[in-house]
Amino acid sequence: MRQFIIGAAVALVAMPAAAQEFDWRKHDGETINVMLNNLAWTQLMRDRIEAFTEATGIKVRAETFSEEQYRTRLTTLLQGGSSELDVFMTLPSREAPLFASNGWYADLTPLLKSEATDPAYNYDDFSAALRQSGVVGEAVTSVPINVEGPLFYWRRDIFEKCDVEKPEYLEDLPAAAEKIRACDSAITPWAARGLRGTVGYPLGAFVYNMGGDFMDEDGKASLCLPGTIKGLDLYGSMLRDYGPPGATNHTFTQVMDLLGQGRVAMTNESSNEFSTLMKHEGRVEDIGVDVLPGGRESGISKPVVINWSLAVSGLSEKKEAAWYFVQWATGAENQEELATQGIAPSRVSVFNGEGFRNWASESRPRGEWLEALLEISQTGSSLYQTPSLTRTPEAREILSNVVQQIVLGQADAETAACAVTDEVQALQN
Amino acid sequence: MPPRSPGQQAMSARWMILPAVVMTLAMVIFPLGFAIYLSLGGNGTLPALGLGHYSRLMADPAFWSALRVTLVLFAVALVLQLVLGTALALALNRYNVVRGLVRTAILSPFMLPPVVVGMIAIVVLDPGLGAANWILESLGLPHFLWLASPRWSLLVVALIDTWQWTPFVALIVLGGLQALPARVYEAAEIDGAKGWSLFWHVTLPLLGPTLLTAAVLRSVDLLRFFDIIYITTQGGPGNATTTLNIQAYKLGFDFMDVGYASSVMIVLALIVLGSVVFFASLRKKVSW
Amino acid sequence: MSDTPRSRWSTPVFTIGALLFMSPILWMALSSLKSPQEVTAYPPKLLFTPTAANYAELFGRTDFLHNTFNSFVVAGASTLLGLVIAIPAAFAISWHRMVWPATVSLFARMAPGTLFLLPWFIMFSKLGMAGGYTALILAHAVITMPLALWILLPYLDATPREIVESGQIDGCRSGTILIRLVLPMIYPGIVVATIMSFVFSWNYFLFALALSGFDTKTAIVASFNFIGEGTTNWGALMAAATVIALPPLVLTFTVQRWLVSGLSFGAVKG
């Protein structure tokens with residue numbers, strides 16, 4: 001935490017120096033094409049793009065798609081060698097090595113060092129871990145727009161009514177769930193993602209906190225490790241024993257609908273859903289937000305933290321104008337504005353800035369949410385599946401399958417986890 | 001003017017077919033060729049290499065499971081839709097008073113985009129959130145897992161598709177019924193054929209070409225079943241609803257294993273081709 | 001079949017049946033008038049205060065009107081193109097009882113749609129057509145053409161061969177026979193083929209997702225903008241779906257009378 005704040009102070013001092021000299025209008029009259037995945041960030045940013053055009057004279061044609069459709073279109077355009085696309089959104093933890101090896105990212109390193117970068121931009125202001133997510137080899141390939149991760153949401157009122165302590169350790173979840181069920185049968189004690197391909201993100205911390213990992217001590221990929229099996233078992237059995245019916249088809253939409261409607265007592269779901277959750281009646285008063293409890297036996301608390309980023313297409317013919325857009329979109333001014341609308345900023349100075357802090361102090365859940373984000377951004381890992389250079393989505397699919405078998409009672413955790421050893425090892429090369 | 005010779009007839013037939021064939025081939029030759037090349041191990045720099053992807057396919061239990069799911073879904077949904085669609089068409093045809101809004105309403109489900117149907121299914125059929133279980137509960141019936149049941153999800157998908165596409169079959173059959181020659185019926189009535197026997201011995205044989213059209217058009221979509229499953233279960237729970245098309249999409253677009261995905265797509269295309277050839281050659285048998 | 005039964009109960013039974021058939025669609029339309037939180041409420045809210053906010057969001061904050069226009073252009077043109085090509089082909093196929101052209105016409109419907117995305121994108125890019133209407137219309141025409149062709153086949157099969165032969169004896173060219181003698185007899189089939197082609201093209205999203213440009217995006221592609229982490233808006237999504245469903249419904253309502261009226265059995269056969 002201290003380093004975080006010191007970093008911010010340095011950043012603030014460094015900013016004003018040569019700000020006025022930068023020529024934002026160098027690419028006046030050009031048009032760039034931008035493709036965005038539909039996140040809360042995107043919705044807010046779309047309304048601000050006009051301001052960019054006013055300031056720079058660069059016309060922006062932005063299109064938004066939901067994630068699956070976004071990937072289909074993006075893959076087609078990039079594989080098809082389209083030079084039309086200039087800026088796109090990317091999830092580095094999923095695809096950075098693959099995209100980089102395909103040449104789909106422009107190398108931003110020379111641009112960052114050149115006159116094409118506003119001296120006030122201060123790339124070092126982005127938190128180090130998030131910055132690192134976009135670095136492939138020596139090259140900076142993308143710039144983080146936010147910070148996010150699964151958080152532990154729980155209903156204070158239900159816990160109080162049922163006289164249940166908030167779980168101090170991950171191992172305490174089943175007991176808490178059991179008590180809640182006994183006390184109020186109308187409440188589903190637990191909900192979480194179970195849909196194929198989506199499980200890895202909320203599952204990761206279960207594996208780590210129970211002392212597990214995605215590879216053994218020799219660096220060989222495996223899920224057949226004692227701690228990993230415990231983590232998979234806990235995640236799967238919580239859903240099986242205390243989860244809502246049909247959890248194997250659930251992703252963030254259903255989990256948040258259930259929690260928002262007050263029908264679920266706890267979950268581990270994305271920090272991005274916080275603002276949506278607060279729109280449901282009554283939740284501002286009764287929701288508690290925290291980092292997922294750590295493991296008692298392991299003594300480990302290692303949550304998952306990731307970021308979405310903006311990249312300039314490696315095939316773009318207007319890389320510099322595109323970079324202008326990325327600079328502007330990830331600049332301190334925009335992040336400050338978005339932070340007060342519930343977007344967790346990737347810049348340290350903004351995260352620690354007055355605006356975000358004031359916004360967070362307006363309600364108790366906001367404050368808890370901010371503290372939790374702060375913690376996961378320092379202790380978190382962006383790896384939540386078998387480490388693989390180019391086959392991350394496959395690794396996440398395998399994890400989902402293992403968890404679904406446990407949830408459906410088709411296999412116990414050990415059998416399911418150990419059956420896929422060959423598969424996960426094949427992903428490593 | 002003298003009558004035109006059979007040779008001239010064949011000539012003009014060729015000209016009439018030409019635009020359809022040329023457009024289709026112009027649009028599919030490159031994609032199919034490209035996919036075959038990829039499936040044979042080509043990667044843009046090297047020439048195509050061999051049958052590696054196909055032998056991997058033959059040994060892949062996931063492929064056989066997806067094939068089974070595809071064929072089960074195809075058979076169940078096709079039979080349901082043809083039978084119910086024909087019944088609906090006969091009813092609509094008999095009660096000609098049913099027109100306007102009511103008729104449009106009955107035919108409406110297939111006018112919704114399948115992806116929208118999938119989204120409605122997500123919300124309505126969720127075991128804990130959806131209206132479907134609420135209705136069961138109100139009727140005093142137990143809750144059902146719907147699309148989340150490893151055992152029944154495939155059938156639920158088939159039923160959703162049947163709800164959507166039975167009206168499509170009905171509309172085709174309805175048109176077919178109304179194009180039937182009256183003289184045949186007059187002759188049949190003179191022979192005393194009525195009701196079920198009239199339907200079985202006269203109407204149904206006459207509807208042959210129409211039913212084949214319905215069967216072909218449903219088959220090409222059912223064998224490549226994708227949208228509703230992709231939106232709702234992503235192929236789960238487990239592999240219960242992973243069709244060949246879902247598997248190919250995952251391989252190609254999520255896992256970026258384009259060569260292997262292409263081999264799945266080519267095999268699927270051959271299966272669909274087989275079914276179309278089968279139905280198209282049946283046309284000769286049922287024509288009248 | 002000349003005497004259509006008009007029993008007292010047929011209308012109420014069909015009306016109830018229609019309501020049941022339509023209930024998911026009614027649910028969708030009702031949901032489009034709810035707040036995003038109300039759509040998934042359990043138990044479902046039957047009584048609620050309707051809001052136009054979803055439609056305001058749809059037309060105010062997005063280009064949905066323009067997207068709908070694009071859908072009309074693409075669906076209209078591909079329906080027309082499909083019919084123009086399919087009608088003569090179906091005529092020849094039916095007359096000569098051919099198998100292979102009927103099979104070939106469906107080639108583009110045999111492989112998964114995703115197989116075509118990248119090759120078509122490359123192909124149309126090379127031709128400078130990527131992102132334009134033409135590429136989308138052609139891509140959708142390989143859906144509408146075989147659809148229309150196969151729908152027309154049974155109608156053509158049912159057309160008495162004497163009619164064509166009488167035309168041949170009079171020395172008419174095939175085109176003339178088709179337009180003057182055959183088309184008037186199969187117009188119910190053309191109505192069905194038009195409805196189907198329009199609906200299929202209107203609702204098809206995959207090709208438009210990959211091939212459309214910034215200005216040619218269709219409504220169905222744009223409707224996906226309402227799903228996303230932290231942004232899922234069921235209300236607006238259902239509003240979009242309702243708007244998308246309207247044109248095919250209106251089209252069917254308008255043309256279904258031609259499909260039936262006056263056409264009791266054999267009327268066309270004379």
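Which strands of chain A does helix α19 of chain A lie across? The answer is in the first view below, and everything here comes from a predicted model, where local features need pLDDT of at least 70, side-chain atom pairs count only at pLDDT 80 or more, and totals for chains, interfaces and linings use all residues. Residues are numbered from 1 along each chain as its sequence is written, with chains lettered from A and ligands numbered from 1 in the order in which they are written.

**View 1. Helix α19 of chain A on its strands.** Helix α19 (residues 364-379) lies across β7 and β10 of chain A. It runs at about 15° to β10(A). Angles go from 0 to 180 degrees between N-to-C directions, and axes are lines fitted to C-alpha atoms, for helices over the stretch in contact. Helices (H or I, at least four residues) and strands (E, at least two) are DSSP runs, numbered from the N terminus.

**View 2. An open sheet in chain A.** Four strands line up as β8-β9-β7-β10, with mixed pairing. Out at the edges sit β8 (188-191) and β10 (287-290) of chain A, each pairing on one side only; two strands pair if DSSP finds at least two bridges between them. On average, neighbouring strands of this sheet are turned by 15° against each other, direction ignored.

**View 3. Strands β7 and β9 of chain A.** β7 (residues 150-155) and β9 (residues 264-270) of chain A run antiparallel and are joined by five bridges. Look for A:F152, which stands opposite A:N268 in β9(A).

**View 4. Two helices packing in chain C.** Here α8 (residues 161-169) and α9 (residues 174-182) of chain C pack at an angle of about 130°, their axes 10 Å apart. α8(C) and α9(C) are therefore oblique to each other (under 35 degrees is roughly parallel, over 145 roughly antiparallel, 65 to 115 roughly perpendicular, and the rest oblique). The contact (C-beta atoms, placed from the backbone, within 7 Å) is made by C:I163, C:V164, C:G167 and C:Q168 of α8(C) with C:I177, C:L181 and C:V182 of α9(C).

**View 5. Where chain B touches chain C.** The contact takes 83 residues from chain B and 91 residues from chain C. On the chain B side, helix α1 (residues 6-39) of chain B gives the most, with 16 residues.

Definitions and conventions:
Contact = placed C-beta atoms within 7 Å.
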